[in-house]
Amino acid sequence: MRLVQLTVPTGKRETILEILDERRIDYVVTDETSSRKYTAVVYFPLPDAAVEPVLDEIQDAGIDEDAYTVVVDAETVVSRQFQALRDEYEDGDVGSDRISRQELQAEADDLTPSFPVYVIMTVISAVVATAGLLLDSPAVVVGSMVIAPLIGPALGASVGTVIDDEELFVESVTYQILGVVVAIGAAAIFAVLVRSLNIVPPDLVLSNVGEISERLAPDLLSLAIALGAGIAGVVSIATGTSVALVGVMIAAALIPPAGVAGIALAWGQPTSAIGATVLVLVNLLSVNLAGLLTLWYAGYRPENLFSLGETEERVRKRIAGLALIVLVFAVFLGGITYASYESGTFEQDARDEVESVLAQDQYEDYQLLEFRVVMDDDYPFRNPERVIVTIGGPPGESAPELADILNDRISRHADRPVTVEIRYIEVVER
């Protein structure tokens, strides 16, 4: 529910009150004596879905933007007439739950901080994320998402497009591009400093850090996260609900991958940064695409109906452009996903071969203690490089031919040469 406070310009009092009476809207009128331009202030409650059509009708009656309008939340309205108004405008779909176009624009502006604050908070969140990634601490990484100021620019571009506010669109796109550059740059500088001071082991292998390795070779599931974040962000802002947690979700799609890209650059591994950088870009574009589609589906249109056709054309072009770029990146992520699938299939097949060999009668005294596949460092398309098989057997006994058999059986499933390492451990049972 909303409470609308509308200043009434001189000569427009009867027009406004007639509109409210025709729509059976309760109102209170007070005289305005502070300015000759305005004669009164009208207060009237409205359901969320009624704010936009009522304000549009009032503006069509000749009330220009110089007559300021304030829309605030109303906790409770006790009125039979208001309940009838709610039944008229609310039908249970997304469109009836959304806030007005005017409120949406104001909300998008409020979510974007000033330029200095935006840069400072982005740098801080990137540094905190980098520290959490190097520490392999999910809690610290989540903390970096909370302080990231990314939700405003991420949703502002979509809002600016559908309501024909090019200034908001350009500002939001600029902020997003700058945010990615600043985040990766801050992460790289901080990682270089940490490495040069030996705060982390100088021989740290990035692939051995869980929080880092999973973002060096992202897969298609990352695309689902970004699309979900974009849709959730727009639904939360369009329905006037809290956007804090959704902001964390959007930051989760952008800040940690940016931190990983910076760390890879600091470690002198630019090829390893490719996967993380692509993840940042595809997530950013997916959030914008999902937001744009959701806003248009929710029924947001420009204020000036004469510009509706032009806006629809612009929306179609931007959706097509974003979808095409996301599709290209999705193909890249699909390649990584397929490489991961092949590696997983090879590992399972190789393990089955080892177990089948050891299940033979002549090797009944031997048992598989550990099976591990070591991947190469050719990010983001990693392949099996070495297979380590640890076998336990009786003291003083060995089966030299077992290494050749396992090497032959495992190599059949590899697309490229793989080193097979067999380790024997004496097992004594008491």
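**Figure legends: views of the predicted model**

**Figure 1. Confidence along the elements of the predicted model.** The mean pLDDT of the protein is 83, and 94% of the residues score at least 70.

**Figure 2. Overall fold and dimensions.** The protein contains 15 helices and 7 strands. Its radius of gyration is 30 Å, well over the 22 Å given by the globule rule for 430 residues, so the protein is more spread out than a compact globule. The C-alpha trace spans about 105 × 45 × 45 Å along the principal axes. Of the contacts between residues at least 6 apart in sequence, 76% join residues at least 24 apart.

**Figure 3. Surface and charge.** The accessible surface of the protein is about 21100 Å², and carbon and sulfur atoms account for 56% of this area. Buried residues represent 47% of the 430 residues. The protein carries 27 positive and 63 negative side chains. The centres of these two sets are 3 Å apart.

**Figure 4. Close-up of Asn 283 and its contacts.** Asn 283 belongs to helix H13 (residues 272-297). Its relative accessibility is 3%, and because buried means under 20%, Asn 283 counts as buried. When residues up to four places away in sequence are not counted, Asn 283 touches Ser 222, Ala 226, Ala 253, Leu 254 and Pro 257.

How values were computed:
Residues are numbered from 1 along each chain as its sequence is written. This is a predicted model: local features need pLDDT of at least 70, side-chain atom pairs count only at pLDDT 80 or more; totals for chains, interfaces and linings use all residues. Side-chain values use heavy atoms; hydrogens and water are left out. Helices (H or I, at least four residues) and strands (E, at least two) are DSSP runs, numbered from the N terminus. The radius of gyration is taken over C-alpha atoms; the globule rule is 2.2 Å times the number of residues to the power 0.38. Buried means under 20% relative accessible area, exposed over 50%, partly exposed in between (1.4 Å probe, protein chains only). Contact means heavy atoms within 4.5 Å. Accessible areas come from the Shrake-Rupley method with a 1.4 Å probe; for residues, only the protein chains shown count as cover. Lys and Arg count as positive and Asp and Glu as negative; His and the chain ends are not counted. The place of a charge is taken as NZ of Lys, CZ of Arg, CG of Asp or CD of Glu. pLDDT is the predictor's confidence in each residue, from 0 to 100.
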